[in-house]
There are 2 protein chains.
Amino acid sequence: MDPNKLEQLREEVDQVNLRILDLINKRGELIKQIGDIKTHQGINVFDPLREREMLDLIIKNHEGPFEYSTIEHLFKEVFKAAKELIEEDQLNALLV
Amino acid sequence: MDPNKLEQLREEVDQVNLRILDLINKRGELIKQIGDIKTHQGINVFDPLREREMLDLIIKNHEGPFEYSTIEHLFKEVFKAAKELIEEDQLNALLV
């Protein structure tokens, strides 16, 4: 076994981490834009049906190695973070 | 405002979700390979220092819109899922 294999795999994990980070932040920016539009149109910002729809699409495309329940849990955490981000945004809008 | 803008943003979010899903699973495969090498070499599979090192690199590259604490929380959940995946793998190896 190549002694550098472990180091190489770790570097790959670091690169994957940074790509996940980038996408989570990109997702945050998109969700903020959606929140702005909905607030402007007077629509309720949080939509549990839309959340279920997103999860269904994710689960449909999931092929492992993680369990479905793990993927669902991770994305629910991502959704929760986005919800907090919008709430913070709305609070800041009220304060100015 | 373009009435389709909301729909377009939702489609972008769906695409970002699927890219995150893909990377989480790719990360799982890499972590499994690392676990195999470490088990083979008799090294302890879980390394809290390495976890801190990964988080430091992530935080260093983070530019928002999320709080650092949110990003740290999300990645700790991702790390936890990977840890469970390896433990499951090792349990299966013991059972065969």
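Start by selecting B:R50. This arginine is buried, with a relative accessible area of 9%. Keep in mind that the model on your screen is predicted.

**Stop 1: the partner of B:R50.** B:E53 and B:R50 form a salt bridge, and their closest N and O atoms are 3.1 Å apart. Why about one helical turn between them? The two residues are three apart in helix α2 of chain B, residues 48–61, and so are separated by about one turn.

**Stop 2: across to chain A.** Keep B:R50 and select A:D14. Their side chains meet in a salt bridge too, at 3.5 Å from N to O. Side chains of opposite charge can pair when their charged atoms come close. How many salt bridges are there between chain A and chain B? The count is four. Over all chains, the count comes to 14.

**Stop 3: the whole interface.** Now show both chains. In contact are 51 residues of chain A and 51 residues of chain B. The area buried between them is about 5200 Å², and carbon and sulfur atoms give 74% of that. Select A:L23, A:P65 and A:F66. In chain A, these lose the most area to chain B, together 12% of what that side buries.

Next, look for polar contacts. Between chain A and chain B, 12 residue pairs are in polar contact, both residues at pLDDT 80 or more. Which helices of chain A supply at least two residues each to the side that touches chain B? They are α1 (5–41), α2 (48–61) and α3 (68–95). Colour α1(A): the largest share of that side, 27 residues, comes from this helix. By class, the side of chain A that touches chain B has 26 nonpolar, nine polar and 16 charged residues.

**Stop 4: inside chain A.** Select A:R50 and A:E53. They form a salt bridge, with the closest N and O atoms 3.1 Å apart. The pair sits three residues apart in helix α2 of chain A, so about one helical turn separates them. Is A:R50 buried or exposed? At 9% relative accessibility, A:R50 counts as buried.

**Stop 5: from helix to helix.** Select A:R52 and A:E72. Their salt bridge has its closest N and O atoms 3.5 Å apart. This pair links distant parts of the chain: A:R52 is in helix α2 of chain A and A:E72 is in helix α3 of chain A, 20 residues apart. A:R52 counts as partly exposed, at 35% relative accessibility. A:E72 also counts as partly exposed, at 21%.

Conventions:
Residues numbered from 1 in each chain as written. Chains lettered and ligands numbered in written order. Predicted model: local features only at pLDDT ≥ 70, side-chain atom pairs only at ≥ 80, totals over all residues. Heavy atoms only, no water. Contact = heavy atoms within 4.5 Å. Buried area = accessible area lost by both parts, 1.4 Å probe. Polar contact = N/O pair within 3.5 Å; in protein donor to acceptor, adjacent residues only side chain to side chain. Helix = DSSP H or I, 4+ residues; strand = E, 2+ residues; numbered from the N terminus. Nonpolar A, V, L, I, M, F, W, Y, C, P; charged D, E, K, R; others polar. Buried < 20%, exposed > 50% of the residue type's maximum accessible area, 1.4 Å probe, protein only.
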